[in-house]
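Reader: I have a model open and would like to learn how to read it. Could you take me through it feature by feature?

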Amino acid sequence: MIFLEGCKVMTFSNRDLCHIALLCALITISGAFKIPGLVPGMEFQLSAPIAVAICGVFGIKAYLCAGILSSLIGLILGTQNILNVCIAMLFRVVVAIIYFGTGPTRIFYLFSGPVGTFMARMALSFIIGKAAYPLVAAAVPGMIFTACTAPFCGRVLSLAARYVQLPGLPAKK
């Protein structure tokens, strides 16, 4: 389907659609699990390091498509509201921008999650009109967790992708 003359149409094969659907399910289900904090309100979703790993292993296109679908599913199921989706999309865009600038390097895995969370918390502060420091302080344990576990999650996803020979990745040895 072409909307404007000269626009390039994004196409997906059946394999790509299944690939993105599985990544979407991984983001959606991992987002339902929370890592408890010491103080109520400081819990952190397990989806953050997994989302960073998905971007690092599968690239921006698959990551953003899976993330958008995950947010739509959350809206349909009623587990997320528009504010949750906006904050999650800001996190995803920041992670994608950092990936675009650095590629799948150790710097990307260590810093994209915490920077994405920081930017999302700053935007949340602006939207709800509350002080930014308490919102960011509540997210620090999750930021540390993401920085520590995203490289591991990336390695696991990379090994799994090579094992099943997903497109765009070198075949297993």
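Reader: Where is the place of Leu-72?

Author: Leu-72 belongs to helix α3; helices (H or I, at least four residues) and strands (E, at least two) are DSSP runs, numbered from the N terminus. This is a predicted model, in which local features need pLDDT of at least 70, side-chain atom pairs count only at pLDDT 80 or more, and totals for chains, interfaces and linings use all residues. Residues are numbered from 1 along each chain as its sequence is written, and side-chain values use heavy atoms, with hydrogens and water left out.

Reader: Is Leu-72 buried or partly exposed?

Author: The cut-offs come before the case: buried means under 20% relative accessible area, exposed over 50%, and partly exposed in between (1.4 Å probe, protein chains only). Leu-72 has a relative accessible area of 44%, so it is partly exposed.

Reader: How many helices and strands does the protein chain have?

Author: There are six helices and two strands in the protein chain, and their order along the sequence is α-β-β-α-α-α-α-α. Of the 173 residues in the protein chain, 40% are buried. Contact means heavy atoms within 4.5 Å. Among contacts in the protein chain with a separation of 6 or more, 65% join residues 24 or more positions apart.

Reader: How should I read the largest nonpolar core, and which residues have the most contacts inside it?

Author: In soluble globular proteins, nonpolar side chains tend to be buried together. A nonpolar core is a set of buried Ala, Val, Leu, Ile, Met, Phe, Trp, Tyr and Cys residues joined through side-chain atoms within 4.5 Å. Here the largest one has 28 residues, and Val-52, Ile-54, Phe-58, Tyr-63, Phe-91, Val-95 and Phe-108 have the most contacts inside it. At least two residues of this core come from each of α1 (14-32), α2 (47-58), α3 (60-77), α4 (82-102), α5 (106-128) and α6 (132-164). With nine residues, α2 gives the most to this core.

Reader: How many residues of α2 are buried?

Author: Twelve of its twelve residues are buried, so α2 is mostly covered. The elements covering them include α1, β2, α3, α4, α5 and α6. Take Val-52 as a case: leaving aside neighbours within four places in sequence, Val-52 is in contact with Phe-91, Val-95, Phe-108, Tyr-109, Ser-112, Gly-113, Thr-146 and Ala-150.

Reader: What should the twelve residues of α2 span?

Author: The expected span of a helix is 1.5 Å times one less than its number of residues. For α2 that gives 16 Å, and its end C-alpha atoms are 16 Å apart, which agrees. The 21 residues of α4 should span 30 Å, and the end C-alpha atoms of α4 are 30 Å apart, which agrees too.

Reader: Which helices do the buried residues of α4 pack against?

Author: They pack against α1, α2, α3 and α5. Among the buried residues of α4 are Val-85, Phe-91, Arg-92 and Val-95.

Reader: Which residues does Ile-27 touch?

Author: Ile-27 lies in helix α1 and, at 5% relative accessibility, counts as buried. Not counting residues up to four places away in sequence, Ile-27 touches Ser-47, Ile-54, Ala-66, Gly-67, Ser-70 and Arg-92. Ile-27 and Ala-66 are 39 residues apart in sequence, and their C-alpha atoms are 7.6 Å apart.

Reader: Is Thr-146 buried or exposed?

Author: Thr-146, in helix α6, has 0% relative accessibility and counts as buried. Its contacts beyond four places in sequence include Phe-44, Val-52 and Pro-151.

Reader: Last one: how many residues line the largest pocket?

Author: Rolling a probe the size of a water molecule over the atoms shows where empty space is left. On a 1 Å grid over the protein atoms alone, with a 1.4 Å probe, a pocket is an open set of points with protein on both sides within 12 Å along at least five of seven lines, and lining residues have an atom within 4 Å of a point. The largest pocket is lined by 29 residues, with Lys-34, Gln-45, Ser-47, Asn-84 and Ala-88 nearest its centre. The largest share of this lining, six residues, comes from α4.
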